Amino acid sequence: MNKTPNTFPVPKAFAAKAHVDQQGYEKLYRESVEDPEGFWARQANEILHWQKPWDKVLSWDFKAPSVRWFEGGVINVSENCLDRHLTARGDKPAIVWEGNEPGETRTVTYRQLHAEVCRMAGLLRHLGVKKGDRVAIYLPMVPEAAAAMLACARIGAIHTVVFAGFSAEALRDRINDCGCSVLITANEGLRGGKRVPLKETCDEALAECPSVRKVLVVRRTDGETAMQAGRDLWLDQALRELPASANSAPEPMGSEDPLFILYTSGSTGKPKGVLHTTAGYLLHVSLTHRMVFDLKEEDVFFCGADVGWVTGHSYVVYGPLSNGATSVMFESIPTYPDAGRYWDVVERHKVSIFYTAPTAIRALAKEGDGWVKKYDRSSLRILGTVGEPINADAWLWYHNIVGEGRCPIVDTWWQTETGGVLISPLPGATATKPGSATKPLFGVQPVIVDDEGKEVLGNGVSGRLCIKFPWPGMMRTVYGDHERFRQTYFAMYPGLYFTGDGCRRDEDGYYWITGRVDDVLNVAGHRLGTAEVESAIVRSGLVAEAAVVGIPHEIKGQGIGAFCVLRDSVSSDASTIKGILHTVREVISPIAAPDAVWFVSGLPKTRSGKIMRRILRKVGEGEYESVGDVTTLADPAVVSEIVETVKSSRAG
């Protein structure tokens with residue numbers, strides 16, 4: 001049903017200098033699936049520093065489920081990210097911090113970051129934190145956030161980072177679920193034009209968190225902050241008063257010892273504590289960071305994600321630092337003080353690799369090309385996308401305007417649960433198609449199954465995306481609830497890891513993610529991915545952003561409702577609706593044309609930019625009073641507007 005988009009070949013000059021070209025990819029991929037244990041053992045030896053080698057590369061059973069990599073090995077993540085770089089890269093920038101205000105920057109070298117992490121590790125041990133204890137981190141995007149994560153890794157404490165835009169209730173639930181003994185926060189955060197009362201939110205949460213004994217507070221602003229005697233400590237003061245004898249040696253960690261817990265939304269509403277372990281996770285993010293972004297020693301890598309999400313864990317902190325790279329850490333938002341902010345950062349810090357979400361790309365494209373072209377982007381050589389499928393129009397704008405047509409785009413597919421990227425182009429090896437994640441990375445064995453779980457073979461097929469063989473970075477369990485881990489990921493299709501995503505494999509064997517399976521529409525017996533329809537709507541050139549949901553339909557059973565944010569200067573009239581429907585019919589088929597189109601000023605999004613389709617489905621189904629909790633949305637007021645828009649259209 002989809003028209004085949006253009007294919008963009010790998011520039012020859014780029015391929016000549018890349019880590020891997022097309023032949024190299026095919027050879028390595030073949031080796032990685034024919035002899036996975038040999039492949040990963042070689043990578044683990046070459047990429048990581050071990051205190052003691054492993055006894056067994058892999059033991060696994062997807063039915064149990066149980067996965068264990070490099071058992072018997074002893075390693076420390078902090079040592080791999082810092083200590084081993086000190087001789088050759090001690091004075092190289094590890095983190096280039098770009099604060100909330102343009103030009104508010106701080107450069108932290110590997111030597112400086114090592115010293116800061118050692119002091120913080122010593123402080124945590126001094127406060128009684130031991131290997132296996134849980135530490136919550138609720139910080140803005142400041143270097144102390146990375147230092148806190150690495151300090152936990154250094155002493156074997158398990159960190160759980162909570163995005164610093166989450167509510168007190170969300171913070172409380174996460175702290176209580178894993179029983180944190182220490183919380184690290186800041187007095188306030190700065191985000192765009194706003195001050196965020198982080199410590200105040202923590203105090204509200206901690207009223208119901210009996211496990212927390214100590215709170216360390218980073219002094220981010222000069223704002224007044226209430227401190228509870230005996231519990232709360234200013235971090236800078238506590239570090240100054242720390243005895244010189246405090247122990248900051250890296251803890252010997254078993255390969256399968258937990259590294260962190262990161263909470264992700266579940267279909268039941270209760271967040272799942274995704275648990276990642278030490279060696280396999282670090283190996284996966286190191287290798288994927290190096291290969292997907294064709295990392296070179298002189299690169300300046302800018303991932304725009306927050307450490308509150310897995311992208312920030314894997315590609316702001318652990319991947320870049322384990323590879324000895326320079327990682328840009330961004331505190332602000334892409335549109336503050338104006339829509340040129342990202343490109344200003346690229347120009348000033350000479351960024352060579354830039355990685356962000358399609359949501360941000362679409363928002364910036366809506367503001368016009370002028371904000372991009374105002375800044376020098378000649379340092380850029382690779383662009384990346386993460387977090388959701390990217391529609392073709394946004395991909396082309398990113399390629400043509402931001403990358404000036406010369407930067408390969410790596411459209412990466414992965415999840416919190418996978419630890420790192422699983423399907424992505426390699427910039428020196430893979431010809432790209434706008435909107436396709438393209439080919440699996442080394443060791444990743446995807447399969448497409450039908451509703452009954454039977455593998456669908458060949459190309460030109462679609463179904464549900466599963467993985468049939470373990471990879472080192474995969475989650476090991478849901479913290480405290482292994483049965484939920486089994487039920488969520490392994491029960492539906494026994495013997496396979498179910499990603500929850502729909503997928504299409506085209507005639508060239510390229511993978512296209514069609515959205516979450518619960519976001520797949522069944523219109524008159526035809527299965528349509530929401531991402532596919534949304535992409536087609538945006539292709540009309542009239543709409544900046546769209547979200548579609550299933551709505552009741554008298555004849556088809558399920559129809560399609562489209563919530564559309566119009567581009568500037570486009571009128572919300574019948575001719576615009578006609579233009580949208582015409583494009584969808586042309587791009588996909590008449591079956592995919594929305595039955596209702598609603599123009600809204602914004603979509604209900606979490607603070608990380610994820611569209612809450614759950615809310616839109618409720619509104620589309622006419623359940624206006626039961627849209628659920630909207631407090632975690634970036635702009636809760638947008639829901640009332642959407643409800644009124646749908647109500648009035650139906651009343652009329």
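A: In this predicted model, local features need pLDDT of at least 70 and side-chain atom pairs count only at pLDDT 80 or more, while totals for chains, interfaces and linings use all residues. Residues are numbered from 1 along each chain as its sequence is written, and side-chain values use heavy atoms, with hydrogens and water left out.

The largest nonpolar core has 148 residues, and Phe70, Leu113 and Tyr318 touch the most other members. Such a core is a set of buried Ala, Val, Leu, Ile, Met, Phe, Trp, Tyr and Cys residues joined through side-chain atoms within 4.5 Å; buried means under 20% relative accessible area, with a 1.4 Å probe and protein chains only. Helix α7, residues 143–155, gives the most to this core, with 10 residues. Helices (H or I, at least four residues) and strands (E, at least two) are DSSP runs, numbered from the N terminus. A second, separate core of 30 residues includes Leu364, Leu380, Ile390 and Ile401.

Leaving aside residues up to four places away in sequence, Phe70 touches Trp40, Ala41, Ala44, Trp50, Trp54, Lys56, Val57, Ser255, Ala279 and Leu283; contact means heavy atoms within 4.5 Å.

Helix α13 (residues 341–349) is mostly covered, with seven of its nine residues buried. Among them are Trp343, Asp344 and His349. Just after α13, Lys350 has a positive phi of about 55°.

In helix α20 (residues 613–620), the buried residues are Arg613, Ile615, Leu616, Val619 and Gly620. Seen down the axis of α20, they fall within an arc of 155°, so they line one face of the helix; the arc is that of the directions from the helix axis to the C-beta atoms. Their cover includes α18 (530–539), β28 (543–553), β29 (557–566) and α21 (637–651).

Notes
Buried means under 20% relative accessible area, exposed over 50%, partly exposed in between (1.4 Å probe, protein chains only).
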